[in-house]
Amino acid sequence: MYPVSGSHFCALPFNVLEGVAEDLASFDPLNSPRDLLSLSSTCRYLYSVLSVTHNAHLYARIFCARFDCRAARRRLPQDAMYSAGLAYQLVAYSIALNNIRRGDIDSPTLLHDLWRAFTLCLENDGKNAVHLEHVRLHDYVESYIYNYLWEERSTGWPTEDITNSLALWLYWYTLSEERLASKTAEERAVLMALFRPYALYSFRYPPFLAPDNHARLPLPGHPDMYREHSTITPHGYYPVYRDPDLCQHHLLHYGCSITLVEPPIGLVAKLLYVTFQEHHCPVEINQPVPDDREEAIRLGERGPTRAEYLEFALHRAVKFPLCIDWDWQDRLPQDSHTREDNCLLRRGLVRASTAHDDDWERWRGCYNPWARPRSHGVPYTYGSLTGSWGGRSLDPRGDEYEHAIRASEFDEVLSNPDAPHITEYPLFFTLREHYCISPATPLPFTAPKPDPLDEGIMNAYLPRGFPQAYAMTQRDGKLIMRHGKDSWVYETYVEGKENSHNEDTCRMCTEARWRDEQERLQDVASLKDEQMSDYDSDQSEDIDLSPEQARELARDTIGMDVDEFIDHVEREVDNESTTTTDVPRVCTGICDIIITGHTPRQHALSWGDYRIYGRVRAWDGLIVLLRLPAPAPDFVSPFPSRLQPYVFRGYIVAGENLVGSWRHITESIHTVPIEGPFVVSKVETPSSTAAPAQSQPEAATMTTLAEAEA
């Protein structure tokens with residue numbers, strides 16, 4: 001098209017006009033490109049060459065200059081990154097940010113805007129965070145929390161819904177040390193009271209995407225079968241099976257229709273509650289204790305020393321999501337640029353968004369326990385657990401918790417507890433990961449018989465009698481387990497070392513090749529249905545044909561090799577958008593993960609000596625750890641009441657925080673247990689020596705340990 005007006009500006013070459021448009025859009029990257037919109041509205045010609053509907057390529061480049069797009073390139077298919085998808089996302093994000101900037105928490109677009117902010121957080125590599133800071137997202141969701149988090153009630157209990165959930169997740173994503181320090185004591189108390197029921201009462205606000213009592217998913221049978229075997233409580237069925245139709249939400253993302261699960265409010269509330277408690281409850285040691293371990297040994301004292309109290313206080317259980325500034329990549333070496341721009345899911349990337357890759361896979365696909373996740377990604381990064389961890393668990397009062405289990409109404413006892421502070425205990429342990437590599441046979445799971453709901457959660461999904469009835473040895477980089485005449489070999493994870501996976505012998509690779517072959521043949525059959533009409537319908541639709549027979553049939557029908565035909569069709573539709581959002585991942589051959597661990601000696605002397613065994617649920621990356629007292633400790637535990645078995649279940653959130661809920665062992669899976677939140681994060685340089693003298697941060701109330709034991 002050529003300009004019809006006499007304007008000299010319109011007579012400029014097309015590439016010059018585009019350059020002017022890009023300069024206008026980049027002049028103020030934190031606000032909507034209003035100047036560009038004004039320019040494109042000047043006349044029909046400029047609208048035809050500069051509007052988003054006519055020049056998606058221009059707006060795609062503007063999007064990549066204004067927002068982070070590398071996470072989407074890693075997670076979404078190629079067609080989502082076409083110009084049309086990027087231009088769509090520029091408009092969607094700009095509208096949502098404008099709405100949030102207005103600060104109207106009564107806006108009819110509130111939920112839609114929160115979804116956009118949620119994906120901005122998950123894709124943040126620096127630019128997105130600057131945008132969210134600019135529109136004061138943290139203040140926006142904090143206002144919502146103060147005014148509306150408890151607005152909707154069910155028999156007095158705060159409601160669990162998608163708006164409340166997104167508000168809390170966004171509040172945590174935008175937290176920082178500075179924001180926490182700026183809160184007054186009254187503000188902290190109000191916020192912790194609002195988080196408290198969501199954080200504590202997992203029987204009503206489950207933190208898991210599927211009940212933890214199931215080790216292997218998808219579940220067989222109809223959902224009604226599981227309800228028939230469930231316990232009826234004042235809060236509904238237990239265990240809690242979330243309705244897939246209610247917890248999945250549809251969103252247009254980069255022009256593609258995707259489904260995201262409602263992120264559990266019970267999970268983020270635990271992160272928030274522990275965050276506030278560990279930052280604002282000061283360390284007070286009101287009893288004489290040795291200064292360090294050397295003095296304790298000399299005095300014959302057991303239990304924590306002043307140095308270990310201080311270590312616990314200084315280590316933050318919760319690590320905030322990494323927020324990199326706008327131009328962070330410009331300071332990387334050139335070889336790092338290539339690695340960061342490779343757009344592959346891998347360990348060791350610097351980009352902040354990589355910390356959310358597992359979260360994305362989890363939110364993207366794990367919403368129906370009776371179906372396989374739509375996403376082909378792995379919701380757990382191998383090697384994530386290997387290393388030393390430190391943090392804390394919260395122990396709610398037993399009488400208050402049991403009252404909550406029986407309470408059909410959220411009464412005064414629950415809304416205003418006598419002791420709002422929750423007793424906490426230090427958690428320190430070192431973990432190792434061990435993998436079963438196909439075609440090897442994994443260690444059996446607990447058989448769900450006679451109760452279909454009991455798959456061994458109280459033994460961390462490990463077989464009955466484990467570990468007492470099993471002989472375990474670790475040597476040559478392998479974990480070897482023996483039980484009677486049976487044995488199982490798992491390879492121990494070592495950073496940077498490849499496992500023994502062989503795609504020629506791997507059953508998962510074989511199944512994937514067969515599945516791909518079937519899909520390709522189905523594509524051929526559907527695209528060439530008219531040409532195959534001369535064949536008998538039973539023959540053309542016979543799924544029992546061998547791949548060789550099906551290929552020969554298709555070749556005779558379409559006159560070319562199947563692979564050639566597929567490539568021809570793909571070239572024809574290369575520029576067309578599709579709605580698929582499944583991205584294939586490279587097979588590692590890992591078909592099972594077993595975790596082993598122990599308490600490091602310096603922490604065992606202070607807080608108790610334990611052994612840890614566990615598994616990772618493949619469906620959603622749920623980590624389940626069984627903590628047992630050491631079979632023959634070298635010393636007496638300073639806290640005898642903590643020697644009973646505990647089961648810790650949780651997810652790694654934002655790449656660094658293992659957060660979830662611990663529970664007691666009960667005689668039946670149908671008994672609602674007492675639970676409490678826990679959060680741990682990696683300890684880079686654990687040390688039992690005293691830290692340098694400095695002002696102690698507001699952290700954990702340690703005097704409650706002695707009081708609880710008394």
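Helices (H or I, at least four residues) and strands (E, at least two) are DSSP runs, numbered from the N terminus. The close-ups below come from a predicted model, in which local features need pLDDT of at least 70 and side-chain atom pairs count only at pLDDT 80 or more, while totals for chains, interfaces and linings use all residues. Residues are numbered from 1 along each chain as its sequence is written, and side-chain values use heavy atoms, with hydrogens and water left out.

**View A. Alanine 654 and threonine 155 are shown in their loops.** Most residues other than glycine have a negative phi, and most peptide bonds are trans. Alanine 654, in the loop between β15 (646–653) and β16 (657–664), has a positive phi of about 55 degrees although it is not a glycine. With a relative accessible area of 4%, alanine 654 is buried (buried means under 20% relative accessible area, exposed over 50%, partly exposed in between, with a 1.4 Å probe and protein chains only). Threonine 155 has a positive phi too, of about 50 degrees, and sits in the loop between β1 (153–154) and β2 (157–158). Here the residue is partly exposed, at 49% relative accessibility.

View B. Look for proline 467 in the loop between β8 (423–437) and β9 (471–475).

**View C. Helix α7 (residues 110–122) meets helix α10 (residues 162–173).** Their axes come within 10 Å and cross at roughly 35 degrees; axes are lines fitted to C-alpha atoms, for helices over the stretch in contact, and angles run from 0 to 180 degrees between N-to-C directions. The crossing is left-handed, meaning that the near helix is turned anticlockwise from the far one by less than a right angle. Cysteine 121 is buried, at 8% relative accessible area.

**View D. Salt bridges join glutamate 278 to arginine 392 and aspartate 592 to arginine 615.** A salt bridge is a side-chain nitrogen of Lys or Arg within 4 Å of a carboxyl oxygen of Asp or Glu, and the structure holds 20 of them. In the pair of glutamate 278 and arginine 392, the closest N and O atoms are 3.4 Å apart. Glutamate 278 is in helix α15 (residues 265–280) and arginine 392 in strand β7 (residues 387–395), so this pair ties together parts 114 residues apart in sequence. Both partners are buried. Between aspartate 592 and arginine 615, the closest N and O atoms are 2.8 Å apart. That pair links strand β12 (residues 590–598) with strand β13 (residues 610–616). Aspartate 592 is buried at 5% relative accessible area, and arginine 615 is buried at 0%.

**View E. Helix α17 (residues 306–314) is largely enclosed by the rest of the structure.** The reason is that 7 of its 9 residues are buried. Tyr309, Leu310 and Phe312 are among them, as are Glu308 and Glu311.
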